[in-house]
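Dear colleague,

Please find below the structure that I am handing over to you. My findings follow it, arranged by region.

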Amino acid sequence: MNRFRLLLAIPLFFIAIVGVLIFFTDPFAPLRWYLGPQYKNDAKAFLSAVSSGEYEKASKSLSRNPRADETGNAAKTQWISAMHELKTQGFYPVEYINLKVPHDREHMDGRADITFMEDGKRQSYYTILTFDLGGVHQACIFSPETKHTEAWNKINCHY
């Protein structure tokens, strides 16, 4: 009986040591293990819908913090109309590649190269995605600054 306890105690001891090491070296690792796949699914759903012009569908994967004087639905409706307006101005996403979520161990953000139609020509932009529990929070074009990318960032990136 004592031998059985010893055989049970040794693996439990090592599991406890590993748990303590993970907690002290990277306390948010378990949270990332849980949220990472969810964030990747949110990013795929958002980017696929926005690339196909389905802004209503994309808004379901979008997390917006409404201002004090508006509801969450009003914020999403405003986002949808702003995206339609941007499309009428000749700037809209058509595809994405190189989606990586999470981008690194320290941040729960993502990166993707989004190809846009910009005044009738295809142009790719490096985009940074941030998340919260409701989905994609921001989709910011990193550079270069043009009138279209500034308009995109005004709609999709909250500084």
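In which loop is S61 found? S61 sits in the loop between α3 (55-59) and α4 (72-88). Please keep in mind throughout that this is a predicted model.

**Surroundings of S61**

Is S61 buried or exposed? With a relative accessibility of 10%, S61 counts as buried, because the limit for that class is under 20%. Leaving aside residues up to four places away in sequence, S61 touches D42, A45, F46, G134, G135 and V136.

**Strands β3 and β4**

V136, one of the residues that S61 touches, belongs to β4 and stands opposite F131. The strands β3 and β4 run antiparallel and are joined by six bridges. A hairpin of two residues leads from β3 to β4. Strand β4 covers residues 135-141, and seven of its seven residues are buried, so the strand is largely enclosed by the rest of the structure.

**The disulfide**

The count of disulfides comes to one. This disulfide joins C140 to C157, with an S to S distance of 2.0 Å. The pair links distant parts of the chain: C140 lies in strand β4, whereas C157 lies in the segment after α5 (147-156), and the two are 17 residues apart. The torsion about the S-S bond of C140 and C157 is about 90°, so the disulfide is right-handed. Both C140 and C157 are buried.

**Salt bridges**

How many salt bridges does a search of the whole structure find? The search finds two.

E95 is partly exposed, at a relative accessible area of 34%, while R122 counts as exposed, at 52% relative accessibility.

The side chains of R111 and D109 also meet in a salt bridge, with an N to O distance of 2.7 Å. Here R111 counts as buried, with 15% relative accessibility, and D109 is buried as well, with a relative accessible area of 10%.

**A nonpolar patch on the surface**

Which residues form the nonpolar patch on the surface? The patch is formed by L6, I10, F13, F14, I17 and L21, which together have about 600 Å² of accessible area. I10, one of these residues, lies in helix α1 (residues 2-25). Why does I10 count as partly exposed? The reason is its relative accessibility of 40%, because that class lies between the limits of 20% and 50%.

With kind regards

Notes:
Residues are numbered from 1 along each chain as its sequence is written. This is a predicted model: local features need pLDDT of at least 70, side-chain atom pairs count only at pLDDT 80 or more; totals for chains, interfaces and linings use all residues. Side-chain values use heavy atoms; hydrogens and water are left out. Patches are made of residues with over 30% relative accessible area and no salt bridge: like charges are joined within 9 Å, nonpolar side chains (Val, Leu, Ile, Met, Phe, Trp, Tyr) within 5 Å. Accessible areas come from the Shrake-Rupley method with a 1.4 Å probe; for residues, only the protein chains shown count as cover. A salt bridge is a side-chain nitrogen of Lys or Arg within 4 Å of a carboxyl oxygen of Asp or Glu. Helices (H or I, at least four residues) and strands (E, at least two) are DSSP runs, numbered from the N terminus. Buried means under 20% relative accessible area, exposed over 50%, partly exposed in between (1.4 Å probe, protein chains only). Two strands pair if DSSP finds at least two bridges between them. A disulfide is a pair of cysteine sulfur atoms within 2.5 Å. Contact means heavy atoms within 4.5 Å.
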